[in-house]
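I open these notes to keep track of what I look up in this structure.

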Amino acid sequence: MTTRINFKGEIGQDAFISVLDHGFLFGDSVYEVVVTQNGVPCFMKGHLKRLRNSAAGLTMEIPWSDESIVEQIMRTIKDAGNAESYVRIIVTRGVGELDIDPTSCSNPELIVLVTELKPYPLSSYEKGINVALVSVKRNSRDTVNPGIKTGNYLNNVLAKVESNRMGAQDALMLNHQGHLTECTTSNFFFVVEGRILTPSLDCGILAGITRDVLLQVAQENGVLVEQGEWPPESLSKADEAFITGTVKKVMPVTHLDGRSIGNGQPGPVTRRMMRLYDEALEEEGKSSSG
Ligand SMILES: Cc1ncc(COP(=O)(O)O)c(C=O)c1O
C-alpha cells in the first residue's frame with residue numbers, strides 16, 4: 001500500500017500542518033472522499049461542487065479552480081501508483097490567531113491524501129451488516145448543518161462508539177424530531193413492498209454523491225424511490241435495507257439492533273441497486289474527465 005500526501009503542492013509520504021491551523025484547533029475544515037475506478041477519480045463534478053458548498057456553508061473561500069484541484073489530485077494519484085485509489089481532499093481554514101474567530105486566517109490549505117483503495121470485505125455484501133439505532137442524534141440543520149461535510153465529525157464519532165458498544169457495524173441516527181436520518185458515513189434506504197424509501201434532505205442528512213447516483217439510476221430504470229420523513233417504527237415493515245457511500249458503494253443492511261430485517265438476507269431490490277450502482281461506476285471509470 002502506498003500513501004502519498006500532497007501539501008502546498010509538494011508530494012511526500014507524510015505532511016505536517018501547523019497546530020495553529022484552525023482545521024486542527026476547531027475542526028474548521030471541509031473535505032471530500034473520492035475513489036477511482038480504472039484509475040479515474042469518479043463523480044468529480046459532484047464532489048467538487050459539494051466541497052465548494054461545504055466551504056460556503058462555513059463562509060470559507062476556496063481560492064483554487066476545479067482544474068487546479070483536479071491537477072493536484074491526478075499528480076498525487078500518479079505518484080502513489082496504486083491500482084485503485086482512495087482520495088481524500090481536505091481544505092482547512094489555515095493558520096490564524098489562537099482564537100475561534102476565522103477572520104485572522106487568510107490562507108486556506110489544500111491537502112490531497114491518496115492511498116490504496118481497500119474495499120470492504122465481500123462478506124459485508126454477501127451477508128449484509130448489522131446497524132444499531134443509537135441514542136446520539138444527528139445534528140440539527142440549525143447547528144453544524146449535516147448537509148455540509150466538515151472536518152468536525154465528533155457527533156458521528158460518538159454515534160459510532162455507541163454502535164460499537166452495541167456490537168453493530170454502524171449507527172443509524174434519528175434527528176431531533178424523531179425521524180430517521182443516516183448512518184455515520186453513509187445514507188440510509190429501506191424497502192417496503194418493493195418501494196425504496198429514504199430520508200429526504202430536509203431530515204438533515206448529507207446529500208451523498210452515491211445517494212444521488214442511486215436516485216438517478218433508479219429513475220432511469222423505473223425503480224421508485226420515495227424521499228420523506230419516517231419514524232423508526234416504519235422499519236418494522238421493512239423487507240430490506242441498505243446504505244450508500246463512496247467507499248462502501250451500496251451495502252446491504254440485514255439486521256437492525258441484531259434483529260433480522262425481512263429474512264435477514266440481502267434482498268432482490270438491494271441486489272438490483274448494488275448491480276446498477278456498480279454499472280454506473282464502471283461507466284464512470286471509462287470517462288477520461290471523471
Ligand atoms: C454523514 C455521511 N452521510 C453520507 C455519506 C455518503 O456520502 P457519499 O456517497 O458522497 O460518500 C457520507 C460520506 O462520508 C457521510 O459522511
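This is a predicted model: local features need pLDDT of at least 70, side-chain atom pairs count only at pLDDT 80 or more; totals for chains, interfaces and linings use all residues.

The shell holds 13 residues, and Leu206, Gly208, Ile209, Thr210 and Thr246 come nearest to the ligand. I then sorted the shell by class and found three nonpolar, eight polar and two charged residues.

**Entry 1: strand 13.** Is strand 13 enclosed by the rest of the structure or left open? It is largely enclosed, because six of its six residues are buried. I checked the faces separately. On one side Glu240, Phe242 and Thr244 are buried, and on the other Ala241, Ile243 and Gly245 are buried, so both faces are covered.

Next I looked up the partners of strand 13. Strand 10 (residues 187–192) runs antiparallel to strand 13 and is joined to it by five bridges. Within this pairing, Phe190 has Ala241 as its bridge partner. Strand 14 (residues 249–256) also runs antiparallel to strand 13, with four bridges between them. There Ile243 stands opposite Met251. Strand 13 and strand 14 form a hairpin, and three residues lie between them.

**Entry 2: Leu235.** Leu235 lies in the loop between strand 12 (225–228) and strand 13. Is Leu235 buried or exposed? I count Leu235 as buried because 22 other C-beta atoms lie within 10 Å, and the cut-off for buried is 20 or more.

I then listed its contacts, leaving aside neighbours within four places in sequence, and found Phe190 and Leu256. Phe190 is the residue I had noted as the bridge partner of Ala241. I also looked up a distance: the C-alpha atoms of Leu235 and Ile261 are separated by 8.2 Å, while the two residues are 26 apart along the chain.

**Entry 3: another hairpin.** I looked up how strand 8 (residues 170–174) and strand 9 (residues 180–183) are joined. They run antiparallel, with two bridges. Leu172 stands opposite Cys183 of strand 9. The two strands form a hairpin with five residues between them. In the turn I noted Gly178, which has a positive phi of about 85°.

Entry 4: I traced an open sheet of six strands in the order 2-1-6-5-3-4, with antiparallel pairing. Which strands stand at the edges? They are strand 2 (10–12) and strand 4 (40–41). Each has a single partner strand, so one side of each is left without a neighbour in the sheet.

Inside the order, I checked strand 1 (residues 4–7) against strand 6 (residues 109–116). Four bridges join these antiparallel strands. Phe7 stands opposite Ile111 in strand 6.

**Entry 5: the two domains.** I noted the division of the protein chain into domain 1 (4–116) and domain 2 (122–284). Their C-alpha centres lie 26 Å apart. How many residues does the contact take from each domain? It takes 22 residues from domain 1 and 15 residues from domain 2.

On the side of domain 1 that touches domain 2, the elements giving two or more residues are strand 3 (29–37), helix 2 (44–57) and strand 5 (85–92). Strand 3 gives the most, with eight residues. By class I found 11 nonpolar, nine polar and two charged residues on this side of domain 1.

**Entry 6: the whole chain.** I counted seven helices and 15 strands in the protein chain. The C-alpha trace spans about 55 × 40 × 30 Å along its principal axes. I compared the radius of gyration with the rule for a compact globule: 290 residues would give a value near 19 Å, and the chain has 19 Å, which agrees.

Of the 290 residues, 42% count as buried. Last, I looked at contacts between residues at least 6 apart in sequence, and 71% of these join residues at least 24 apart.

How values were computed. Residues are numbered from 1 along each chain as its sequence is written. A residue is near a molecule or strand if its C-beta atom, placed from the backbone, lies within 6 Å of it. Ala, Val, Leu, Ile, Met, Phe, Trp, Tyr, Cys and Pro count as nonpolar, Asp, Glu, Lys and Arg as charged, and the others, Gly among them, as polar. Two strands pair if DSSP finds at least two bridges between them. The radius of gyration is taken over C-alpha atoms; the globule rule is 2.2 Å times the number of residues to the power 0.38. A residue is buried if 20 or more other C-beta atoms lie within 10 Å of its own, exposed if 12 or fewer, and partly exposed in between; C-beta atoms are placed from the backbone. Two residues are in contact if their C-beta atoms, placed from the backbone, lie within 7 Å. Domain bounds come from an automatic or database domain assignment.
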